[in-house]
Amino acid sequence: MNYLTVENISKSYGERVLFQDISFGINKDQKIAFVAKNGTGKTSILNIIAGLDTSDSGQITSRKGLHIAYLSQKDELDDSLTIEQTVFNSDNPTLDVIKQYEIALENPENEIAYQNAFELMDTHNAWDFETQYKQILSKLKFPDLKQKVSDLSGGQKKRLSLAIILINKPDLLILDEPTNHLDLEMIEWLENYFKKEKITLFMVTHDRYFLERVCTEIFELDQGKLYKYKGNYSYYLEKKEERIAQEQTELGKAKNLFKKELDWMRRQPKARTTKSKSRTDDFYQIKEKAHKRRNDHKVQLEISMTRLGNKILELHKVSKSFDDLKILDAFEYVFKRGERIGIIGKNGTGKSTFLNIITEEIPVDSGKVMLGETVKFGYYTQKGINVKAGQKVIDVIREFGDYIPLAKGRKITASELLERFLFDRKKQYDFVEKLSGGEQKRLYLCAVLIQNPNFLILDEPTNDLDVVTLNVLESFLLDFPGNLIVVSHDRYFMDKIMDSLFVFRGDGVVENFPGNYSDFRAYEDSAPVKQEVKIEKKEKTQVKTSKNKLSYNEQKEFDKLEKEISKLNGQRIDIESQFANGEIDTDKISEVSQELQKIIDAIEQKEERWLELSMQLEG
């Protein structure tokens with residue numbers, strides 16, 4: 001069943017042509033990834049399909065009544081609402097029923113309203129739906145539904161937008177980099193969700209494992225032409241390589257024919273017959289084809305590096321806490337020359353704090369951080385470029401010098417270096433604020449690398465980079481002879497580059513795992529399941545059983561406890577995150593610590609009562 005058809009669309013900005021005469025269709029249950037270089041119009045095509053932009057030519061036709069949802073890079077949430085109000089602010093009738101039930105839970109004294117809401121949940125079969133939407137919010141780390149949207153970070157708002165789209169289950173889901181701002185646990189959950197759900201996807205993503213495991217077709221926009229591959233990422237790479245090889249063969253034949261025709265042209269008199277004129281016209285077509293080259297500018301990262309001495313970086317019994325929240329607890333490690341270590345762990349466990357400790361941007365509580373004399377850090381942070389008003393691309397690089405040292409004693413100018421990073425001469429004089437997000441990241445990466453570091457620290461370097469640039473970056477890092485530490489949620493990137501991992505478990509526990517991310521996941525999956533007491537969301541069968549096992553008032557108390565525990569856990573996570581990120585003023589640490597302890601005590605008390613009631617259900 002055809003959902004949407006794109007016919008001969010084009011888009012230009014002044015003299016710059018993004019794409020021309022692009023056509024394709026999207027059918028029910030297809031899971032399509034759209035791949036192209038940064039700046040070639042990926043987001044523009046998504047905006048046109050979603051109706052947020054118009055093409056210069058062509059048309060988009062969609063099935064009547066088609067429900068399209070679009071997860072863009074910009075959120076359009078109402079800051080005045082809470083998370084819960086934002087979720088319920090839709091046309092979904094089942095959500096209206098659940099909303100009434102949630103209101104009744106908050107007003108237990110109105111027993112008639114509660115009973116009516118309870119019966120409506122049964123009538124509309126809303127228990128399963130409630131479980132599903134709460135699971136989605138839980139997996140995307142929204143424990144406190146009363147939190148205001150205005151208090152959320154940019155990443156949290158992106159996750160909330162994703163949650164709302166998943167909850168409402170549109171016919172066609174258009175996604176622009178859905179894995180940005182998600183940690184590894186969330187990404188793997190979303191990956192499994194898309195794999196098992198019958199859902200139609202059209203998305204842009206740089207996550208190559210996502211492409212491999214979720215997408216069944218890949219559309220590639222390459223040099224203005226659209227190529228379609230019916231298969232996953234591995235199939236796409238194989239067929240693309242075959243296509244390029246075929247193009248190179250045809251180019252070679254065209255060059256040989258061009259030489260032959262060129263010799264003929266030089267021997268011809270000025271006055272030509274009709275037959276020779278036709279051959280002359282053909283000659284110019286052959287010339288154009290023979291001189292066509294693939295515009296695959298490969299970044300040649302040949303940065304020279306100061307030699308590392310015997311002593312690199314040593315951490316001896318290093319401890320760091322924010323009051324009662326432990327980040328490191330007598331952590332010890334001696335870095336060897338050339339080590340490549342990836343860092344993984346949930347948000348709030350101290351990954352960024354660790355990077356700031358080894359770069360001596362924040363002090364330790366105890367222990368020693370000893371840095372070798374020859375070590376020169378190159379630190380790529382998530383903050384990106386500090387764009388100055390009126391600053392041009394070339395100016396960013398020239399802040400570090402007009403000449404950059406390369407391997408074997410060579411030098412290149414700042415302008416030549418930028419060309420190697422895919423910024424042509426014209427682009428170098430664009431204002432930095434005009435660059436796309438991916439282009440700014442590429443420029444920032446260049447600015448870090450040209451400082452000639454021998455110890456690279458990269459904090460989420462793959463966000464907003466296209467697949468082509470990622471391959472270039474990986475090629476450089478594989479050849480980089482210095483030390484490397486990377487925090488990243490890009491599993492493909494971590495598998496390809498890293499030799500071992502620091503796994504941040506929380507509460508000061510950091511494990512050194514001797515393998516890449518896939519090795520770690522295989523190890524974790526094969527380990528014995530730990531017995532933990534978990535509060536599970538109620539299923540429909542539990543609700544029906546509860547009518548026989550709990551009294552009416554106990555049922556109300558049981559439902560209310562779930563919400564209270566969820567809210568308290570949200571407050572606990574928020575405070576712990578503030579400690580981990582150093583956001584609490586020194587003079588308020590003691591006060592906030594006491595508040596955190598009260599919340600933990602309240603959680604334990606309510607969980608005990610919840611378990612007591614749940615035992616009655618099971619009995």
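The questions below go from the whole chain down to single residues.

User: How many helices and strands does the chain have?
Analyst: Start with the source: this is a predicted model. The chain holds 619 residues. Its secondary structure comes to 20 helices and 20 strands.

User: What share of the residues counts as buried?
Analyst: The cut-off for buried is under 20% relative accessible area. The chain's accessible surface is about 31400 Å², with 47% of that area on carbon and sulfur atoms. Of the 619 residues, the buried share is 48%.

User: Among contacts with a separation of 6 or more, what part joins residues 24 or more positions apart?
Analyst: A contact here means heavy atoms within 4.5 Å. Take the contacts in the chain with a separation of 6 or more; the part from residues 24 or more positions apart is 69%.

User: How far apart are the end C-alpha atoms of helix 7, and what span should its residues give?
Analyst: Helix 7 covers residues 184-196, which is 13 residues.

User: Which residue caps the N-terminal end of helix 7?
Analyst: Look at the backbone nitrogen of glutamate 185. A side-chain oxygen lies 3.2 Å from that nitrogen, within the 3.5 Å limit for a polar contact. The oxygen belongs to the capping residue, aspartate 183.

User: Which residues of helix 7 are buried?
Analyst: The test is again a relative accessible area under 20%. The residues of helix 7 that pass are Leu184, Met186, Ile187, Glu188, Trp189, Leu190, Glu191, Tyr193 and Phe194.

User: Is lysine 169 buried, partly exposed or exposed?
Analyst: Lysine 169 sits in the loop between helix 6 (154-168) and strand 6 (172-176). Its phi is positive, about 45°, although it is not a glycine. Its relative accessible area is 42%, between the 20% and 50% cut-offs, so lysine 169 is partly exposed.

User: Is aspartate 507 buried or exposed?
Analyst: Aspartate 507 lies in the loop between strand 19 (500-506) and strand 20 (509-513). Phi is positive here too, near 55°, in a residue other than glycine. The relative accessible area is 53%, over the 50% cut-off, so aspartate 507 is exposed.

User: How many disulfides are there?
Analyst: A disulfide is a covalent bond between the sulfur atoms of two cysteines. The test is a pair of cysteine sulfur atoms within 2.5 Å. Cysteine 215 is buried at 4% relative accessibility, and cysteine 446 is buried at 0%. By the 2.5 Å rule, the number of disulfides is zero.

Definitions and conventions. Residues are numbered from 1 along each chain as its sequence is written. This is a predicted model: local features need pLDDT of at least 70, side-chain atom pairs count only at pLDDT 80 or more; totals for chains, interfaces and linings use all residues. Side-chain values use heavy atoms; hydrogens and water are left out. Helices (H or I, at least four residues) and strands (E, at least two) are DSSP runs, numbered from the N terminus. The expected span of a helix is 1.5 Å times one less than its number of residues. Buried means under 20% relative accessible area, exposed over 50%, partly exposed in between (1.4 Å probe, protein chains only). A polar contact is a pair of N or O atoms within 3.5 Å; within protein, one must be able to donate a hydrogen and the other to accept it, and residues adjacent in sequence count only if both atoms are side-chain atoms. Accessible areas come from the Shrake-Rupley method with a 1.4 Å probe; for residues, only the protein chains shown count as cover.
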